[in-house]
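Student: Could you take me through the aromatic pairs in this model, with a close look at one part, and then turn to the charged side chains?

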Amino acid sequence: MGASVPGTDTWSWLTAWPGDPLALALLLAAGSLYAGGLLRLRRAGARFPIRWTTAFWCGLGVLAVALLTPVDAYADVSFSIHMAQHLLLTFAAPPLLALGAPITLALRASSPARARTIARVLRSPVGRFLSNPVVGWALFVGVPFAIHLSPLFDASLRSAQVHVGEHALWVGAALVYWWPIVGRDPSPHRVSYPARMLSLFLAMPMMSFLALALYQGTTPLYPAYATLPPPWGARALTEQRWGAVLMWLAGNLALMVAILVVAVAWKHAEDERQRRWEARIDAAEADGGQASRIDR
């Protein structure tokens with residue numbers, strides 16, 4: 001937590017920009033690598049779906065809002081704003097980045113030797129472990145419990161280094177979870193649509209349980225918030241409860257939307273499979289009819 005505590009007025013909000021050079025450098029690096037891949041594809045005369053690239057840039061934009069704007073500064077004094085930041089880092093940015101198919105882009109834009117290296121990494125024990133949907137689910141639901149119900153979160157409010165590590169943990173766990181759920185990039189574990197929906201559905205009660213645990217606290221769980229100067233310290237318990245409500249409502253709403261999106265994608269995949277099957281039947285019947293005429 002910084003030495004100066006932001007105020008509650010509009011001017012303080014507009015001027016409380018954290019200016020995190022590490023987050024900015026990482027976002028610029030990710031954007032540059034993605035743009036470089038797109039440029040190499042274009043030079044080779046290939047195309048990459050515009051909706052995929054749009055999703056990726058939107059994901060980077062969400063990360064920028066969460067880490068480089070007053071949202072990050074006020075997350076240090078307001079648990080409800082921290083929770084909004086947490087939702088951006090886990091429910092908004094990672095699925096958008098996964099929809100951008102960065103691994104697919106890297107494979108298409110790389111030389112054959114580099115593409116083989118990427119494929120070997122995906123098939124490595126670490127790649128297989130991280131792409132396992134059970135591992136992803138455990139990280140996705142376990143990291144919030146580990147952070148919010150341990151001294152780690154309070155330590156992140158007092159130490160810049162722990163704060164950076166906490167953000168890396170949020171985003172990393174969410175990327176591992178959403179990668180097989182989105183299913184756009186190649187993965188050692190291909191997850192069926194019913195399994196994706198089940199994974200999302202089972203995350204909802206865990207989210208609700210954690211939110212309830214935070215809401216039912218009769219005293220602030222995090223001393224770093226409670227000891228802030230007025231008016232923030234006096235509002236610590238209220239902010240904690242508002243953050244819990246936000247986790248429960250927005251988190252579960254995001255999961256329900258994701259379930260609906262997966263259901264629609266499942267229907268489209270089944271419709272496409274049915275069309276391909278009917279096309280093969282029609283082709284077989286046409287070939288059979290032609291062979292029958294030749295025999296006569």
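Tutor: Gladly! The count comes to 17 aromatic pairs, where rings of Phe, Tyr and Trp (its six-membered ring) pair if their centres lie within 6.5 Å, and planes under 30 degrees apart count as stacked, over 60 as edge-to-face and the rest as tilted. Bear in mind that this is a predicted model: local features need pLDDT of at least 70, side-chain atom pairs count only at pLDDT 80 or more, and totals for chains, interfaces and linings use all residues. Residues are numbered from 1 along each chain as its sequence is written, and side-chain values use heavy atoms, with hydrogens and water left out.

Let's look closely at Phe 140. Phe 91 and Phe 140 make an edge-to-face pair, with 5.3 Å from centre to centre and 70° between the planes. This pair links distant parts of the chain, 49 residues apart: Phe 91 belongs to helix H5 (residues 79-99) and Phe 140 to helix H9 (residues 133-148). Helices here are DSSP runs (H or I, at least four residues), numbered from the N terminus. Both Phe 91 and Phe 140 are buried, a term for under 20% relative accessible area, with exposed meaning over 50% and partly exposed in between (1.4 Å probe, protein chains only).

Phe 140 also pairs edge-to-face with Trp 178, the ring centres being 6.0 Å apart and the planes at 80°. Because Phe 140 lies in helix H9 and Trp 178 in helix H11 (residues 160-182), this pair ties together parts 38 residues apart in sequence. Phe 140 has a relative accessibility of 8%, and Trp 178 is buried at 4%. Elsewhere, Tyr 34, Phe 48, Trp 52, Phe 56 and Trp 57 form one aromatic cluster.

Now for the charges. The whole structure holds six salt bridges, each a side-chain nitrogen of Lys or Arg within 4 Å of a carboxyl oxygen of Asp or Glu. One of them joins Arg 158 to Asp 154 at 3.0 Å, N to O. These two residues are four apart in helix H10 (residues 151-158), so about one helical turn separates them; Asp 154 is buried, at 12%. In another, Arg 235 meets Glu 239, with the closest N and O atoms 3.2 Å apart. Arg 235 is partly exposed at 32%, whereas Glu 239 is buried at 9%.

Finally, the charged end of Arg 196 sits over the ring of Tyr 193, 4.4 Å from its centre; this label needs NZ of Lys or CZ of Arg within 6 Å of the ring centre and within 35 degrees of the ring normal.
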